[in-house]
Amino acid sequence: MPGSPIEVYRLTRKKHDQLWNTYVMRPLAAVFVAAIHRTPLTPNQITILSLCIAVTGSALFVALPSYRGGLYAVLVLELAYLLDCADGMLARYKKLASPTGHLFDFFVDELKAVLLIAVIGVHLHRKGGLGIDGSAWPAGGPGFLYAAVAGAVIVASGISLTNFVRRPELTGKDTPTEAHYETVGEKKPQSIVGRVASLVMTFLRFLNHYPSHIWIFALADRLDLFFWMYLALNALYLVRGWLGLLVRFGRT
């Protein structure tokens, strides 16, 4: 049926998507898009609404330093992510997708990532949790505050790196309207080593896609483990990216 959630989902689904998106978020977002696609609401307006809701969820992390507060905050973040899926789906369904819209969506998504690592650090500072040294850091100690600052710097630096290496001047390609991973051709590796490496990279991308699993850490009351994992993943990405830049620009 034209305009139904099933049609919206079928026409706007992405290849190489995360399982959480394919089976949970995009079906829910399809219901939302089907309900509002005839209204004047634009994809960019949905992106802005998603950011506002994400800021609200981030504020809950700081205001409610408890197990239940973490659950509430994550629930609000997942709602923000549902809208983050819906903005692109609406753009594709109504054929409004554009490079500028894609860049705005990426900018907002990465802003939310910086905010997330910072506010969870503050949440753990107020609540206490497992420190990087394996010991329990008490509530009110400075450790998680230092880690929150370091995490925000690392994530923001990784975003700057990503923006730099994807610039048309370096890639030789115009800014796409699709997500970056959809513009890269999927080549199945033939060797065992290549297949293992591909599986590892897929798993790391899953870990870095926080909406897919942050709710599990929140339910288990282990947002401290999520915090250190997310910080470490972004630090590894930053180191790998800089090694590539040094090889490329440091040659004589």
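Accessible areas here come from the Shrake-Rupley method with a 1.4 Å probe; for residues, only the protein chains shown count as cover. This is a predicted model: local features need pLDDT of at least 70, side-chain atom pairs count only at pLDDT 80 or more, and totals for chains, interfaces and linings use all residues. Residues are numbered from 1 along each chain as its sequence is written, and side-chain values use heavy atoms, without hydrogens and water.

**Exercise 1. Describe the surface and overall dimensions of the protein.**

Solution. 
- Start with area. The accessible surface is about 14,200 Å², and carbon and sulfur atoms hold 68% of that.
- Next, the box. Along the principal axes, the C-alpha atoms fill roughly 55 × 55 × 35 Å.
- Then the radius of gyration, taken over C-alpha atoms; the globule rule is 2.2 Å times the number of residues to the power 0.38. For 252 residues, a compact globule would come near 18 Å, and the protein agrees because its value is 19 Å.

**Exercise 2. Work out the secondary structure and relate it to the UniProt record.**

Solution. 
- Count the elements. There are 11 helices and two strands. Helices (H or I, at least four residues) and strands (E, at least two) are DSSP runs, numbered from the N terminus.
- Read the order: α-α-α-α-α-β-β-α-α-α-α-α-α.
- Turn to the record. An unreviewed UniProt entry lists "transmembrane region" for residues 20-39, 46-64, 70-91, 144-165, 196-219 and 225-247. Such positions use the numbering adopted here, feature names are shortened, and annotations may be inferred rather than shown by experiment.
- Check two spans. Residues 70-91 are 100% helix and 0% strand, with end C-alpha atoms 32 Å apart. Residues 225-247 are also 100% helix and 0% strand, with end C-alpha atoms 33 Å apart.

**Exercise 3. Is Leu 116 buried or exposed, and which residues does Leu 116 touch?**

Solution. 
- Locate the residue. Leu 116 sits in helix 5 (residues 99-127).
- Apply the cut-offs: buried is under 20% relative accessible area, exposed over 50%, partly exposed in between (1.4 Å probe, protein chains only). Leu 116 is buried because its relative accessibility is 3%.
- List partners. Contact means heavy atoms within 4.5 Å. Leaving out residues up to four places away in sequence, Leu 116 touches Phe 61, Leu 77, Tyr 210, Ile 214 and Phe 226.
- Tyr 230 is 114 residues from Leu 116 in sequence, yet 10.0 Å away, C-alpha to C-alpha.

**Exercise 4. Classify Ile 192 by accessibility.**

Solution. 
- Ile 192 belongs to helix 9 (residues 192-208).
- Ile 192 counts as exposed because its relative accessibility is 67%.
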